[in-house]
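Subject: Handover of a structure and findings

Dear colleague,

Please find below the structure that I am handing over to you.

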Amino acid sequence: MSTKRPRNAAQTRADILAAARRRFATEGFERTTLRAIAADVGVDAALVIRYFGSKQDLFATATEFKIELPDLTGADPDDIADMLLPRYFAVWEDDQSFLALLRAAMTSRIAANTLNETLAKHVAPTLMGATPDHHLQRIALTDAFVIGLAATRSVLANPPVASLSREELSRWAGPVFRQLLVGPAPP
Amino acid sequence: MTATRPRNASQTRADILSAARRRFGAEGYERTTLRAVAADVGVDAALVIRYFGSKQDLFAAAADFSIELPDLSRADPDEVAGMLLPRFFAVWEDETFVALLRAAMTSQVAADTLRRVFAEQVAPKLITATPDNPVQRIGLMGAFVIGLATTRYVLANPLVANLSRDELSRWAAPVIRQLLVGPAPA
């Protein structure tokens, strides 16, 4: 294949984003260069800049993930974990943008802030539909649990967690979500 | 201070280990070089190799830490969380652990080290508390503990990082109780 193969813009954009996710995930934010990403795709760095802007802009686009959580207002406490977990699984296991962001966030302040802001903007408001009191504490611990499940299952691949089926993991995670979000506040 | 100031071997070893932790923690395993670690301390890379061996050996030495967890076999279920949490905080606030955790997210070698620490030092103690389903209970506990450490100390997520130790412990305790000794879910 020649390096001058014809491309269409949409495919090139998609290729650049995929290469950016790989680089940011393995090398972190600071060490990744636009030039290296461009070289991975076989294009010029100027093209990457034309399409996506600065490295920080490219990072924001490449790691933007959607998490669609259901409205939890008025949900039966026993149903909350089952309403949330399938959505979380879709993000942890199938969304390369999220996994790239999580890895990059471990060694980069900018990436960590992006992840923290995404949780605050897109996850916290939904969870707050369920929490009866102590919203900050409940959401903080729930975020910690979710990040821990994602990290051990999809990034660290720690055998006890990674080897559980989704169903098995959900059964055991269910009571934790229930306790943290809607259970009695600890004394 | 000159670059050739006198050093004693044990101080130099300690300096190298602490530089290695900073590098591995900030840059991950793959990108850290022995030369950079040596330069941080003002010694030659050959000296680092003489003291510690390969990069992988240095990593193992730098990430070596012991977690002392109490025996839980006769613990009252209501006391298990209170027995564990102070030990967890001691580990999380140890720079060696945080360096290992950061490196583990981007390196297979570091992830293996973290898994080994968990399997050899943490799981056997936690298992003494579990009445049944040890794999599930220990696995979810590991996820919870890693999640707390990651959000509080690495990501510095304001919600988690701003909780006092006391507050965090109060909210974590029922989760630890449920996961380790609570009723198995239906």
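Domain bounds, as the term is used here, come from an automatic or database domain assignment. Please also bear in mind that this is a predicted model.

Domains of chain A

On that basis, chain A splits into domain 1, covering 9-62, and domain 2, covering 77-182. Between the C-alpha centres of domain 1 of chain A and domain 2 of chain A there are 27 Å. The two domains are in contact through nine residues of domain 1 of chain A and eleven residues of domain 2 of chain A. On the domain 1 side of this contact in chain A, helix H1 (9-31) and helix H4 (55-62) each contribute at least two residues. H1(A) accounts for the largest share of that side, with six residues. By class, the side of domain 1 of chain A that touches domain 2 of chain A holds five nonpolar, two polar and two charged residues.

The contact between the chains

How many residues of chain A are in contact with chain B? The number is 43, and they meet 44 residues of chain B. On the chain A side, the elements that give two or more residues are H1, helix H6 (96-105), H7, H8, helix H9 (159-162) and helix H10 (166-182). Of these, H8(A) gives the most, with 14 residues. The side of chain A that touches chain B is made up of 26 nonpolar, eleven polar and six charged residues.

Leu119(A) is placed in helix H7 of chain A. Is this residue buried or exposed? Leu119(A) is buried, because 23 other C-beta atoms lie within 10 Å, and the cut-off for a buried residue is 20 or more. Leu119(A) and Asp143(A) stand 24 residues apart in sequence, while their C-alpha atoms are 7.7 Å apart in space.

Chain B as a whole

The secondary structure of chain B consists of ten helices and zero strands. Along the sequence, the pattern of chain B therefore reads α-α-α-α-α-α-α-α-α-α. Taken along the principal axes, the C-alpha atoms of chain B fill a box of roughly 65 × 30 × 30 Å. Chain B has 186 residues, and buried residues make up 42% of them. Among the contacts in chain B with a separation of 6 or more, 68% are between residues 24 or more positions apart.

Two helix pairs in chain B

The crossing of H6(B) and H7(B) is left-handed. Here Leu100(B), Leu101(B), Ala103(B) and Ala104(B) in H6(B) meet Ala110(B), Ala111(B), Thr113(B) and Leu114(B) in H7(B). By class, the contact of H6(B) with H7(B) has seven nonpolar residues, one polar and no charged.

Positive phi values

Which value does phi take at His134(A)? Phi of His134(A) is near 45 degrees, a positive value in a residue other than glycine. His134(A) sits in the loop between helix H7 (109-127) and helix H8 (135-155) of chain A. With 16 C-beta neighbours inside 10 Å, His134(A) counts as partly exposed.

In chain B, Ala156(B) is a residue other than glycine with a positive phi, near 50 degrees. The loop that holds Ala156(B) runs between helix H8 (134-154) and helix H9 (158-161) of chain B. Ala156(B) counts as partly exposed, because 16 C-beta neighbours lie inside 10 Å.

Yours sincerely

Key: Residues numbered from 1 in each chain as written. Chains lettered and ligands numbered in written order. Predicted model: local features only at pLDDT ≥ 70, side-chain atom pairs only at ≥ 80, totals over all residues. Contact = placed C-beta atoms within 7 Å. Helix = DSSP H or I, 4+ residues; strand = E, 2+ residues; numbered from the N terminus. Nonpolar A, V, L, I, M, F, W, Y, C, P; charged D, E, K, R; others polar. Buried ≥ 20, exposed ≤ 12 C-beta atoms within 10 Å, placed from the backbone. Left-handed = near helix turned anticlockwise from the far one by under 90°.
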